[in-house]
Each structure stands twice: as C-alpha cells, then as structure tokens.
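I opened a new page for this protein. These entries record what I looked up, in the order I looked.

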Amino acid sequence: LPWKQAVFSRWRNGWSIKTDRYRYTEWRDKEGHQTDRMLYDHQTDPMENENIAEYPENAELSTQLSKMLAKGWRSMAF
C-alpha cells in the first residue's frame, strides 16, 4: 500500500522490520533483553550474507530501525 513504510514479522524470538531497502532484526531472550541483532542492505546484499548491524557507519541506521521496530506496525500508518 502507498502509505506503508515497512513490514513487520516475527520468527521464534526474533522481531524484524523490513523497509524498501533494509531488514533489521532483534533477537530477545525470555525476559525481553536483546541478545543479538542483524541488519541487511537488500540493495547491496539481497541474499542477506553480510550482517552490517555492528558496523560503526550503520550505528545511526540501526538505532533508527530499532526505534521503528519498537513502535510497531501501527506507527507506520499515516
């Protein structure tokens, strides 16, 4: 849909947000604490082979996508 900025999904203990370019996933333990995260750039890595979440140049992007993920799918509607 034209108003949709992202898609959200869950698989086991991982929560993901997918934009037109990126997929960002946070993995959480039973208490809800983040244990790992993944970030893939589908423009340069469509097969998701290189996790770029911890690269210093992607710190701001990871933070932004994490905030979007925390807000949830309802926050993406205009």
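**Entry 1: strand partners.** I began with Trp27, whose bridge partner in β4 is Asp36. I then looked up Tyr24, and its bridge partner in β4 is Leu39. In total, seven bridges join β3 to β4, and the two strands run antiparallel. I noted the rule used here: two strands pair if DSSP finds at least two bridges between them. I also noted that strands (E, at least two residues) and helices (H or I, at least four) are DSSP runs, numbered from the N terminus.

**Entry 2: what kind of model.** The model is predicted: local features need pLDDT of at least 70, side-chain atom pairs count only at pLDDT 80 or more, and totals for chains, interfaces and linings use all residues. Residues are numbered from 1 along each chain as its sequence is written, and side-chain values use heavy atoms, with hydrogens and water left out.

**Entry 3: the elements.** Starting at the N terminus, I read their order as β-β-β-β-α.

I checked the hairpins next. In β3, Arg23 stands opposite Lys18. The hairpin of β3 and β4 has five residues between the strands, and there Gly32 takes a positive phi near 90 degrees.

**Entry 4: the core.** Which residues make up the largest nonpolar core? I wrote down eleven: Ala6, Ile17, Tyr22, Tyr24, Leu39, Ile52, Ala53, Leu61, Leu65, Met68 and Leu69. Such a core is a set of buried Ala, Val, Leu, Ile, Met, Phe, Trp, Tyr and Cys residues joined through side-chain atoms within 4.5 Å. Two or more residues come from each of β3 (22-28) and α1 (59-71). The largest share, four residues, comes from α1.

I followed up on Leu39. Not counting residues up to four places away in sequence, Leu39 touches eleven-member core residues and others, among them Tyr22, Tyr24, Ile52, Ala53, Leu61 and Leu65. Contact here means heavy atoms within 4.5 Å.

**Entry 5: cover.** Buried means under 20% relative accessible area, exposed over 50%, and partly exposed in between (1.4 Å probe, protein chains only). Buried residues make up 35% of the 78 residues. β3 is mostly covered, with five of its seven residues buried. The accessible surface comes to about 5800 Å², and 52% of this belongs to carbon and sulfur atoms; the areas come from the Shrake-Rupley method with a 1.4 Å probe.

**Entry 6: His42.** Where is His42 placed? I found His42 in the loop between β4 and α1. Its side chain makes a polar contact with the side chain of Lys18 (3.4 Å). A second polar contact, of 2.7 Å, joins the side chains of His42 and Glu48. A polar contact is a pair of N or O atoms within 3.5 Å; within protein, one must be able to donate a hydrogen and the other to accept it, and residues adjacent in sequence count only if both atoms are side-chain atoms. Leaving aside neighbours within four places in sequence, His42 is in contact with Lys18, Arg21, Arg23 and Glu48.

**Entry 7: positive phi.** Most residues other than glycine have a negative phi. Glu48 is not a glycine, yet its phi is positive, near 55 degrees. Glu48 is in the loop between β4 and α1 and is partly exposed, with a relative accessible area of 26%. Arg12 also has a positive phi, of about 55 degrees, although it is not a glycine. Arg12 is in the loop between β1 and β2 and is exposed, with a relative accessible area of 62%.
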